[in-house]
Amino acid sequence: MCYNSGYLDYNNKAVAELLEYEIAGFHVDMLDYGFGPPYGCWCGNCESLFSKQYNMEMPRPEKPSWDEGWEKILEFRANSNTRFSQSLHSFVRSRRPKVSVDFNYHGYPPFSWIEGELPVKHAMNGDFVTCEGLPPPRRRVRDDGNVSFCLSCCGNGRVQADT
Ligand SMILES: [Zn+2]
């Protein structure tokens with residue numbers, strides 16, 4: 001999914017329709033902006049936005065690298081996620097101020113750059129952060145750090161955890 005495409009408008013139309021029903025909130029699951037290669041989007045919208053933000057063409061590395069171009073790509077990915085999430089949250093709140101919005105979060109231990117998220121910053125995009133764990137045997141203990149981490153980055157205690 002491209003955060004910088006018309007998907008937000010499409011999504012908002014679906015959300016607007018759902019808001020006509022008595023619902024308590026939206027759980028937005030798996031915001032995926034490239035969980036696998038090539039780990040991002042190089043569509044015309046993204047390239048144009050990237051070019052305006054960084055005053056350079058969007059690099060097209062064959063694989064992740066340790067250079068300034070890749071660092072900008074990761075920053076662009078994270079900021080695109082933030083913009084999308086905050087826009088969606090604002091849209092819902094402008095229509096129904098008491099309806100909650102949360103985003104299933106992937107930026108918790110064991111951390112990985114692949115999801116392209118900024119753990120603390122992105123935890124604040126919704127009304128609370130969702131922390132999902134998998135049951136044993138995939139995970140040996142119920143809280144392998146995910147819940148503890150989410151609680152620490154959301155100082156106001158806005159955490160929903162499930163296993
Ligand atoms: Zn794109």
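Author: Happy to! Let's begin with Y3, whose contacts beyond four places in sequence are Y33, S80, N81, R83 and F84. Please keep in mind that this is a predicted model. Y3 sits in the segment before α1, the helix of residues 7-18. Is Y3 buried or exposed? Y3 is buried, because 23 C-beta neighbours lie inside 10 Å, and the cut-off for buried is 20 or more. D32 is 29 residues away from Y3 in sequence, yet their C-alpha atoms are 9.0 Å apart.

S80, N81 and F84, which touch Y3, are among the buried residues of α3, together with I73, F76, R77, S85, L88 and V92. An α-helix has 3.6 residues a turn, so residues three or four places apart point the same way. The buried residues of α3 pack against α1, β1 (25-28), α2 (44-54), β2 (100-104) and α4 (119-123).

That brings us to the largest nonpolar core, which has 15 residues; F26, V28, L31, Y33, L88, V92 and V101 touch the most other members. At least two residues of this core come from each of β1, α2, α3 and β2, and α3 gives the largest share, 5 residues. L31 also touches N81 and F103, and N81 is in turn one of the contacts of Y3.

Definitions and conventions: Residues numbered from 1 in each chain as written. Predicted model: local features only at pLDDT ≥ 70, side-chain atom pairs only at ≥ 80, totals over all residues. Helix = DSSP H or I, 4+ residues; strand = E, 2+ residues; numbered from the N terminus. Buried ≥ 20, exposed ≤ 12 C-beta atoms within 10 Å, placed from the backbone. Contact = placed C-beta atoms within 7 Å. Core = buried A, V, L, I, M, F, W, Y, C linked by C-beta atoms within 7 Å.
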